[in-house]
Amino acid sequence: MSDKMSVKYGRIELVNGKDVLQYSGEDLDEISLSIQYAIEFCDPATEIEALKQSMRDAEVLPFLFGDGTIVGKYVITSLDLTYQKTSPIGVLESATVAVTLLEYAYGEPVKPKGIAVVTPSTTELVTDTDIDVYEDVDEDMLDMYMSTDEDTTTVPAAETPAPPAPTPARGISKLITKGRDAVNKIKSLGEKVKQKVSDVKSLVQDVKNLANEAKDAYAAAKEQVEVAIKIYERAKDLPGSLDEAIKYAKDLAEMKNDINAEDLKKNIDQLVSSTNTVTKNATSVVSFIATKEGGE
């Protein structure tokens, strides 16, 4: 996999001097990766068709790392297929697909870096720092350049595209992440007890609240997983690991206020371990649901 990042610069030509560069913002990130499909693990033809259809439909999908981390939203811009093996009757058994993904940044907050000025002859982004470039230019000409009279038109607002349809993948991933974040906070509180930075009694209520948050998030995630019947074929271990995480979270949420530090640390370690298992088992589930085959 490769990840390409870049920024954009406009070039302003000057008389009797070197050109000046105008920073105009970040470019969209581009990710290239190669996917190997084999008949032993899936139906290559079905998976490839799902990728093709997603590209044709301009689907905006989350891109996930193996540990469940969501990198961002991307669209498929190109597919390069290499068919490697077929059966005697022509059934595709092995193939490699080189996929190019382009970042979908619509709706993300962008900090303005200047004033967008559009005239019939020029389109540039002008900031306060650019005024120094024109210090030798006649002030009347500069005022005319910066004016907003009839000769200057505003950039028409782009038509707002329809938001991407909600999918089970987004819901499950969000709940798993929420539960994991709560457990990480519990782990941090446990370290404070271990290092004797804080006493147990002062942290018990915070741990119970966070444990309830983790329990509810994992319980909701389990409900969504159970709705996706097809997912069970690829997620046999996920319901069990969620049950285990819920049990440990429940034990923490219902613990006695006078629990000792050793038992508290033990319970936290159990929940952290089960959370790692949930995240591992959930990754294949979320990735599968995000495909056409695993969609609603």
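This briefing walks through the fold of one protein chain, topic by topic.

The model is predicted, so local features need pLDDT of at least 70, side-chain atom pairs count only at pLDDT 80 or more, and totals for chains, interfaces and linings use all residues. Residues are numbered from 1 along each chain as its sequence is written, and side-chain values use heavy atoms, with hydrogens and water left out. The protein chain has six helices and nine strands; helices (H or I, at least four residues) and strands (E, at least two) are DSSP runs, numbered from the N terminus. Of its 296 residues, 35% are buried. Here, buried means under 20% relative accessible area, exposed means over 50%, and partly exposed is in between (1.4 Å probe, protein chains only). Among contacts with a separation of 6 or more, 65% link residues 24 or more positions apart; a contact means heavy atoms within 4.5 Å.

**The sheet**

- Strands of a sheet pair through backbone hydrogen bonds, either parallel or antiparallel.
- In this chain, five strands make an open sheet in the order E1-E4-E7-E6-E5, with antiparallel pairing; two strands pair if DSSP finds at least two bridges between them.
- Strand E1 (2-4) and strand E5 (61-64) are at the edges with a single partner strand each, so one side of each has no neighbour in the sheet.
- From one strand to the next, the twist averages 35°.
- Helix H1 (residues 44-56) packs on this sheet and touches E4, E5, strand E6 (70-86) and E7, with its direction at about 135° to that of E6. For such angles, axes are lines fitted to C-alpha atoms (for helices over the stretch in contact), and angles run from 0 to 180 degrees between N-to-C directions.

**Who pairs with whom**

- Nine bridges link strand E4 (residues 30-38) to strand E7 (residues 92-103) in the antiparallel sense, and Glu30 has Leu102 in E7 as its bridge partner.
- E6 and E7 run antiparallel and are joined by 11 bridges; look for Ser78, whose bridge partner in E7 is Thr100.
- These two strands, E6 and E7, form a hairpin with five residues between them, and Gly90 in the turn has a positive phi of about 95°.
- E5 and E6 also run antiparallel, joined by four bridges, and Pro62 has Lys73 in E6 as its bridge partner.
- E5 and E6 form a hairpin with five residues between them, where Gly68 in the turn has a positive phi of about 95°.

- Lys85 lies in strand E6 and counts as partly exposed, at 48% relative accessibility.
- Leaving aside neighbours within four places in sequence, Lys85 is in contact with Val91, Leu92, Glu93 and Ser94.
- The C-alpha atoms of Lys85 and Ala95 are 6.9 Å apart, with the two residues 10 apart along the chain.
- Asp80 lies in strand E6 too, and it touches Thr96, Val97 and Ala98, not counting residues up to four places away in sequence.
- Asp80 and Thr96 are 16 residues apart in sequence, but 8.3 Å apart in space, C-alpha to C-alpha.

**Loops with a positive phi**

- Most residues other than glycine have a negative phi, and most peptide bonds are trans.
- Asn16 has a positive phi of about 60° although it is not a glycine.
- You'll find Asn16 in the loop between strand E2 (7-12) and strand E3 (20-26), where it is exposed, with a relative accessible area of 81%.
- Ala58 also has a positive phi, near 55°, without being a glycine.
- Ala58 sits in the loop between H1 and E5 and counts as exposed at 54% relative accessibility.

**Helix H5**

- Helix H5 (residues 238-253) has 16 residues and reaches 22 Å from its first C-alpha to its last, close to the 22 Å expected at 1.5 Å a residue; the expected span is 1.5 Å times one less than the number of residues.
- The buried residues of H5 include Leu238, Leu242, Ile246 and Tyr248.
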